Amino acid sequence: MTIPPHTFLLYHIGCRLSVVSHFVIHLIIIFLSFSHSLPSHSPMNVDLRHIHKTFGKVHANDDISLDIPAGTIQGILGENGAGKSTLMKVLSGFIYADAGEIRLDGRATTIHSPADAIRQGIGMLHQDPLDFPPMKILDNFLLGRAGGLFPDRKTARRDFLALAAQFDFSLDPEAYVDRLTVGERQQLEILRLLWLGARALILDEPTTGISLPQKEKLFATLKKLAAQGMTILFVSHKLEDVEALCGRVSVLRQGKLVEMMTPPFDAGRLVESMFGKQVTLAARTPARPGLVTLRAQNLSLEDSRLQIHQANLDVRAGEVIGLAGMEGSGQTLFLRACAGLLHPVAGKTLVGGRDLTGQAHHAFKKQGVAYLPASRMEEGLIPGLTLTDHFVLAEKMRGVFINREAALGLARQRISAFNIKGTPASTVESLSGGNQQRALLALLQTPLNLILLEHPTRGLDIESTLYIWAKLKERCAQGSAILFISADLDEILQYSDRVLVFFAGRVSPPLDAAQTSVTQLGQLIGGKGWETLAGEAAHA
Amino acid sequence: MRHLMKFISLLALLGILLAACAPAATEAPAATEAPVATVASAAATEVPAATAAVPAEKFIFGMLLVGPYNDHGWSQAHYDAGLYVQDKLPGSEMIYVDKVNPADRPGSTPAQLAEDLVSKGAKVIIFNSDDMKDSAIEFTQNHPEITVIHASGDSAWADGKDFKNLPNMGNIMGRMEFGKMMAGCAAALQTQTGQIGYLGPLINDETRRLASSVYLGAKYCWTNYLGKNAADLKFKVTWIGFWFNIPGVTSDPTQVANDFFNSGYDVVISGIDTTEAVTEAKRFAADGKQVYAIPYDYIGACEEGAEICLGVPYFNWGPAYLATMTAAQDGTWQAAWSWNSPDWTDINNPDTSAVGFQKGAALSADASANLDKFITELAGGLTLWKGPLTLQDGSAYLADGEVATDLQIWYLPQLLEGMDGASQ
Amino acid sequence: MRNSRWTNLIFQLIAVILALGFTTLVMLIAKAPPLDAFKNIIIGSIGSWTKISDVLISWTPLLLATTGLLITFTAGLWNIGIEGQMMIGAVFSTWVLRLLQESTLPPALILGLAILGGMLGGALWALLTGVLKTFGGVNEIFGGLGLNFVATSINLWLIFGPWKRPGVASMSGTIPFPETLWLPTLPGSRLSLWALGLALISIVLVYFLLRGTYFGLRLKAVGKNAKAAYLLGVPTWQYSLAAFALCGIFAGLAGAMQVLVVYHRLIPSISSGYGYLGLMVAMLVNYQALWAAPVAFFFAALNIGSIQLPVVLKLDSTLSGVLQGTLVLFVLLMQGARQKLGIRN
C-alpha cells in the first residue's frame, strides 16, 4: 500500500491531539501556577554563517547559514547523517568548524568547549544524555555549576524540586542516575541546562526516548520558554514533532541546507526535501500464529522501584507483540525476564515448552531467544571493535584461530544484506544510529524462536524504520515471534498483532492491535480505563 | 563507568609513581657477630697520620648501601664513614651504589653491582647489609684480588656457625650491646611510671640480644642508682614483625608506640630502623604528656624531636673503615672478624669509638649525671652479661658469677627473666 | 589508516621528547649535568656485552609480567595483584625445589617441575583475585592490592619461619640452592638463554592469542563492553577468570625465573617491583603486544643504566624512575590531547 506522506502524517497529529488534550489543559494550569518562578533570561539571537565541517571525505556541514531570532523555536529536520548533529556540536563547542562564523546577539564569537557554550548561554541536550551514572541526581544537577568547591546543596535541591515541579517531572533528587530511564535522564539534563542559565537551548532528538505524556509536557514547556524569549533549536527527523512545535523549519540533506519554511508547513515538500524521494510504507500482514514459543506463567518480577504480579502471556511463533507504557512502567522488566536477564521472584518462564526459569540468558539464547537492548552503544555493540569483529563474535566458534578471509566475506555479505553504510573495518561507533541498529539486526542468528527488542527504531529516520521492520517481518515469516517495546504508539499499533499495556507494574491482558485505537492506548498507558479492561480480559 | 575507570587508572598511576619515588625502606642491620678475643686488624688502632705521603695513584674503594645514602639511619652511617675515610686518607676516593635491594634495583644483584664498582677501579668493596650475604660470598669467591668487607656479617668468624674461611673477606660490626645498655639506663633513670616499652623488629638472635641488653642496662641503673626494686620495673617488648612498617603485614609501629604511651609506658626505645617512636612521643608531648623516646642507628636521629629525645645509641663506622683502607693500601690487610667496642676514654670520639651514645636534650641533669656514672663503670670493666641470669622461661642461663662468652651472648636463646614479651 | 598510524607515531614521539625534556629540567634544577647523565645511562646499559646481558636478565621477568598484563588489560581488568602473583609463583617454585632437592631425580626434571610449579602458583593466586571480583564483588584493584599484602606476608613468614636459614633468619632470604638447581647460563655470564627463550615464546604466543584467535577477540569484547559481549553470547565472567589465570601463569613464570635464574633462593622482595613496572610498560604500549618487547627492553635498560648515576655522577638514581613515570604520563596525556584535537583513528 502506498499513501502520500502528508496524509500519513496528518493522521498521526490528529490522533495525538485528541489523546492528550487533557494533558495540555493540565499543563496550562500547572504553568499558570508556576510561571512567576520560571527562570527568565534576556533573549539571544543566534546567527550561524557559512559553517563548514568535514570528517575525512564526508562534508558533514557544507556552507550552512542560519539566522535564528530570539524567541524562535527553530526546527532542524533531516534524516540520519544529514549533518544535524554536527551543526549542533559546532554551536555547542564540542567540535570546531573548519570555516564559518558564529554570532551571538550580533557579536562574532568563538565557542571553545561545552562549558564555554553554557557560559555564553547555549545549552545542549544530547541524543545520548551525557551523565555520570554512579552519581545522585542532585549531584549530577550540580555539575558544571560555578560556585566553589562546596556547592550549596540546599538551594540547589529547592531549585531542582521547583523546576521539576514546573515540568511535572517526578525525579527524586536523592536517587541515583544510573537507575533512570533514558527519558528521565533527558528530563534531568533539561532541568540542569535551564538552571545553568541557558538562553538558547539545543535539543537533539529529544522526543525519541520519552513517553507521549512526557513529550507533551516538554512541548508545552518549550513553547512557554520561547514565549519568554528563549531561543530553541529543535533537532529531529520526525515531521509531526516539528510541525507541532516549531515556528520555523530548516531541512538539511547531505550536509547542505536545502529548505527553509514557516507555517503552515507543506509536509509533502518537507519529506521530499529530507529524502529527495517519496517514502513507501510497508503493508500490514496479518499474522498466522503458530505454536507457543514463549510462555510466561504467573510471572512476578521486581526491581528497586517496581513490582509486577503474576503476569501471563503466551507468545506464538510468527506473531508480533508490542509492549506499550510510559518509561519505567514495567515493560522493560518483563522483556528482560523473557530474555533470562532478570530472574522472576515467582512464576515460570518456558521457551518452546522447556522450563528455563532462573537460568542465565545464555540458556535462553541456546533456545533461540535473542535480545536487542535499547542503548545500542552501551549494551548492544562494542565500541572499538569493527563490524567484522562483531559478526565473528556472534557466530559460533570454529576451532581456535579466526579465519580472516571467511570473516571478511561474512561481514561483506551481511553489510550488503542489511544495507549498512560502512565497511567491514568500520568500528561500530563510527556508524550513524540507524546503521548501528541495522548492524544489531544483522548480528541476529538464524533460526530464532523469539526476538526481544527495546525501542527498535528509536532515533531512526523513516527510511531506516521501514527497513528495519521489513527485516523483522521477514523473521516473523520464518517463524520467529517478536516482542518489542516502543514509546511510539503508532509504531506499536502499526506493527503488532497484539499489544500489552503496562502501567505502574500492572499488565493488561493482550489486546488485539487491530481492534485498538491510539486514543484507547494513550489512555491506558496514562492509567485510565483499566476497569473496563479487566472485564474485557475476563470476557476474552 | 568510563569515567570511573579513567579516575581509577589515574589514581593507580599516581600510586605507582609514588611507590617508585618513595625511599625504599629496606635496610637490615642484622648484626652477626661474636668477638674473637684477639682481633688482628681491629679497628681502633691509631691512625698512621705520619704516612701522609700522598700516593700518586688514587685509591678507590666501593660501597654498596642497602638503603638510600641519606636515610638518617643505617646506610647513612656507612656513607658518612666513607666520607670520613676520603677526608682522612689522602688519595682515597669512595664510589658507591645505594638502594642495593631487589625492590629498588630490579634485575641486579649486589655481586653484579660490586663488579661494576670494580670495573671503575675499586680495590675494596664494602657490602653494608646482612641482606647481601650470599651475593657478597659469591663475589668474594670470584674475585680473590679484591678485599671485601661484609659489615655485620659473620662468615669470617672462625668460631661462628657460618665460617667460610675466605682469605679476602672480613667482617666489621660494632658492639651495639653497650649502646643499648646505655639506652636502657637512660630510660630507667628518666621514667616516672617505671614502665619502659621496647619497639622491637622481628625476633631473631640479634634482636633478642639487643633487647636484653637494653633491659640489663635499665635494671642495673634502676636498682643501683635509684635504689628501687627490680620487680617494680616493667619492661615490655612488642615485636612489629619487621625492620620497618609494611602496612598490612607488620604491626603498625605508630600504633604500637601509641599503645605504649596510652597504657602508662612513658619511655619507648626503638629497635627498628624508622623513627615512629620519636614522632609519636612528640605528638603526645605536644598534648602535654610527659613521654620520651630513644631512637637507634644514626647519630643525628634525635633531631626529629629533640625535646622528647633522651639520646640515641649509634654506630660510627669511620675508624674501622679507615683502618681497613689504610691496611689494604699498604698491603697489610688480613681477613678478620671484628666486633668493635666503644672507646671507653670517650665513647663519642669520632676518630676512635665504634659505638657511641649521643645524649638527648630531654635527659634530665640528674639522669645525665647517673648515666655518665654508668658509662664510667662500664669503662671500668663492669659487665652486665654475668650470672646469675635466668631466661624468660625460668631456665638457667648463667650461673652465679659466670660471665657470658661471646657465643653465649650471640646465640641468646630467649629473652631474660623480668622482660615481658615474646621470645620466639 | 596509514595517516592515523603516522599521527599516532608523531604524538608518541612528542611524548618521549617531553618526558626527556622534563627529566632534563629536573636535573638542571638539581644542578646535575643532563648530557653526562644520559650518556652514562646509555653506556651503563648497552655499553658492553656484560651490560647488555644485565639488561636482558632484567628484561626477562619484566617482559613476562607485561605479557601477562596484556591479557588482563585486554579483558578490561586492572591486575594490580600481579606483584603478589609473581611472589606466589616464586614461593611455589621454591617449594618444589625444596621438596625435590634431596631426591634422586635428574636436576633438569626438578627445574622443569619448579617452573611449572611457579606457573601454577601464579595462576592460583590470580584466580583468587578473579573469584573475589566475580563472586565477591570486590574490585580487582582493591582485591589485588590486598592479595599483594597477603602474598608479601606469606613470603616473609616462610623466610623468617618454616624456611629460615639454619641459625639466624635473615632478610637475605632462604639458603641458596646448590648450583645444580640453577637454570643453566651462558659460560661466564649470568644470562640464561632458557629464561630469555621462555620470555620470547610467551610474548609471541600472547601476540597471536590476542590477534588471531576467537579467545582473543572474545576477551577484547569482554574488555570493551562486557554487557554487549554477554548479549552476543560470550560467557563473560568465565573469560575474566581465564584472563586472570593466564596472566597469573606468566606472572608465576616470572617469579620462577627470579628464583631459578637471578637469586637462586627466595628473598623478601622477590618480585623486584617488576609487576608495577610491567603495568607502566603495558600502559605505555597501549596494550599492544607488538611494542611490549622493545619498550620493556627500554625500561630494563633504564633500570640498569641508571646505576651509573650515583657511581659516576653522585646523582640519585631515582632519576630513571622519574623518566619512566613521566614517559607514561606524557604518553597518556598525548593520547588525551589527540582525542581532544579530534584527530580520528
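How far apart do the C-alpha centres of domain 1 of chain C and domain 2 of chain C lie? They lie 27 Å apart, in what is a predicted model, where local features need pLDDT of at least 70 and side-chain atom pairs count only at pLDDT 80 or more, while totals for chains, interfaces and linings use all residues. Residues are numbered from 1 along each chain as its sequence is written, and chains are lettered from A, and ligands numbered from 1, in the order in which they are written.

The domain assignment of chain C gives domain 1 as 1-32 + 315-345 and domain 2 as 45-314; such bounds come from an automatic or database domain assignment. Between these two domains of chain C, 12 residues of domain 1 are in contact with 12 residues of domain 2, where contact means that the C-beta atoms of two residues, placed from the backbone, lie within 7 Å. On the side of domain 1 of chain C that touches domain 2 of chain C, the residues divide into eight nonpolar, three polar and one charged. In that division Ala, Val, Leu, Ile, Met, Phe, Trp, Tyr, Cys and Pro count as nonpolar, Asp, Glu, Lys and Arg as charged, and the others, Gly among them, as polar.

Within chain C, a backbone feature is found at C:Asn286, whose phi is near 55°, a positive value in a residue other than glycine. C:Asn286 is placed in the loop between helix 11 (274-284) and helix 12 (289-305) of chain C; helices (H or I, at least four residues) and strands (E, at least two) are DSSP runs, numbered from the N terminus. With 13 other C-beta atoms within 10 Å, C:Asn286 is partly exposed, given that a residue is buried if 20 or more other C-beta atoms lie within 10 Å of its own, exposed if 12 or fewer, and partly exposed in between, with C-beta atoms placed from the backbone.

Turning to chain B, six strands form an open sheet in the order 2-1-3-4-5-11, and the pairing is parallel; two strands pair if DSSP finds at least two bridges between them. Strand 2 (92-97) and strand 11 (337-340) of chain B stand at the edges, each with a single partner strand, so one side of each is left without a neighbour in the sheet. Neighbouring strands of this sheet are turned by 20° against each other on average, direction ignored. Strand 5 (residues 169-174) of chain B pairs with strand 11 of chain B in the parallel sense over four bridges, and here B:Met173 stands opposite B:Trp339 in strand 11 of chain B.

Two helices of chain B can be followed against these strands. Helix 2 (residues 74-88) of chain B packs on the sheet, where it touches strand 1 (59-64), strand 2 and strand 4 (147-151) of chain B, and its direction makes about 160° with that of strand 2 of chain B. For such values, axes are lines fitted to C-alpha atoms, for helices over the stretch in contact, and angles run from 0 to 180 degrees between N-to-C directions. Helix 9 (residues 318-330) of chain B lies across strand 1, strand 2, strand 3 (122-127), strand 4, strand 5 and strand 11 of chain B, and runs at about 150° to strand 3 of chain B.

Chain A has 19 helices and 21 strands, and 48% of its 540 residues count as buried. In chain A, four strands form an open sheet in the order 12-11-14-15 with antiparallel pairing, and the edge strands, strand 12 (307-316) and strand 15 (354-355) of chain A, each pair on one side only. Strand 11 (residues 292-302) of chain A is joined by five bridges to strand 14 (residues 346-351) of chain A, the two running antiparallel, and A:Gln297 stands opposite A:Lys348 in strand 14 of chain A. Seven bridges join strand 11 of chain A to strand 12 of chain A, again antiparallel, with A:Val292 opposite A:Arg316 in strand 12 of chain A, and a hairpin joins these two strands of chain A through four residues. Helix 10 (residues 331-339) of chain A lies across strand 11, strand 12 and strand 14 of chain A, running at about 125° to strand 11 of chain A.

A cis peptide bond, with omega about -5°, joins A:Pro263 and A:Pro264, and A:Pro264 lies in the loop between strand 10 (256-261) and helix 9 (267-275) of chain A. Phi of A:His455 is near 45°, a positive value in a residue other than glycine, and A:His455, in the loop between strand 17 and helix 16 (462-477) of chain A, is buried, with 23 other C-beta atoms within 10 Å.
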